[in-house]
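Okay, thanks for coming, everyone. Let me put the sequence and the model up on the screen, and then I'll walk you through a few spots.

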Amino acid sequence: MLAAMSTWSGPSLPTGTLTFLFTDVEGSTRLWEAHPAVMRTVMARHDALLTEVFTQHDGVVVRPRGEGDSLFAVFVRASDAVAAALAGQRALATEAWGEVGPLRVRMGLHTGEADLRAGDYYGSAVNRCARIRAAGHGGQMLLSEATAKLVRGALPAGAGLLDLGRHRLKDLAEGEQLFQLV
């Protein structure tokens, strides 16, 4: 079961072909510098809100990643991951963030296999997902070609995919066809 916080505490995480979802708050360093006390509350709310949404869509938040302003979640079904990303962006957009203004969160999704060790995932699929996220800007949801192929016929109502073309991503030998969830 999920612990009260955003970390998995169950006996095992899902394995096999999974859809990975990475998030990142755009401009968080600037926000932390300008509003350090407020950002503690804002980021706690961000984590709780996205964890709740991802859990409602059968996702598991593995653990916070990076500089403390991002989350890493896994989903057994790509369609659940895409629905969670869209619901997460909608929830973030309707939340009142006070003096920091709206939070702009970029999300990257990729489907593949990874090694599970000591409660975390490792491998090229995880790295590719992180690079896809890094290619986006706040508010943008980017999907790999692998994920887009799986969800093309199962998108949430009113959602679509915009083909952004092939992109060279940092440290990856092969480019990636990226799609924006709109």
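Let's start with one term: buried means under 20% relative accessible area, exposed means over 50%, and partly exposed is in between, with a 1.4 Å probe and protein chains only. Keep in mind that this is a predicted model, where local features need pLDDT of at least 70, side-chain atom pairs count only at pLDDT 80 or more, and totals for chains, interfaces and linings use all residues. Residues are numbered from 1 along each chain as its sequence is written, and side-chain values use heavy atoms, leaving out hydrogens and water.

First, the loops. Take D58, which sits in the loop between α2 (36–56) and β2 (59–65). By the way, the helices (H or I, at least four residues) and strands (E, at least two) are DSSP runs, numbered from the N terminus. Is D58 buried or exposed? D58 has a relative accessible area of 57%, so it is exposed. Its phi is near 65°, a positive value in a residue other than glycine. Most residues other than glycine have a negative phi. A118 also has a positive phi, near 50°, and you'll find A118 in the loop between β5 (115–117) and β6 (120–122). With a relative accessible area of 87%, A118 is exposed.

Now for the helices. Helix α3 runs over residues 78–94, and its 17 residues should span 24 Å at 1.5 Å a residue; the expected span is 1.5 Å times one less than the number of residues. The end C-alpha atoms are 25 Å apart, which agrees. Twelve of the 17 residues in α3 are buried, including A84, A85 and L86.

Over in helix α4 (residues 124–135) we have C129. C129 is buried because its relative accessibility is 0%. What does C129 touch, not counting residues up to four places away in sequence? The list is F20, L21, F22, G108, L109 and H110, where contact means heavy atoms within 4.5 Å.

Next, strand β9, residues 176–181. Six of its six residues are buried, with E176, L178 and Q180 on one side and Q177, F179 and L181 on the other. β9 pairs in the antiparallel sense with β8 over six bridges, and D163 stands opposite F179 there. Strand β7 (residues 141–143) also pairs with β9 in the antiparallel sense, over two bridges; two strands pair if DSSP finds at least two bridges between them. In that pairing, L142 has Q180 as its bridge partner.

Last up, salt bridges: a side-chain nitrogen of Lys or Arg within 4 Å of a carboxyl oxygen of Asp or Glu. By that rule the count is five. One of them joins E95 and R45, whose closest N and O atoms are 3.0 Å apart. E95 lies in the loop between α3 and β4 (105–113) and R45 in helix α2, so this pair ties together parts that are 50 residues apart in sequence. E95 is partly exposed at 24%, and so is R45 at 33%.

R128 is in helix α4 and E176 in strand β9, so the pair ties together parts that are 48 residues apart in sequence. Here R128 is buried at 15%, and E176 is buried at 7%.
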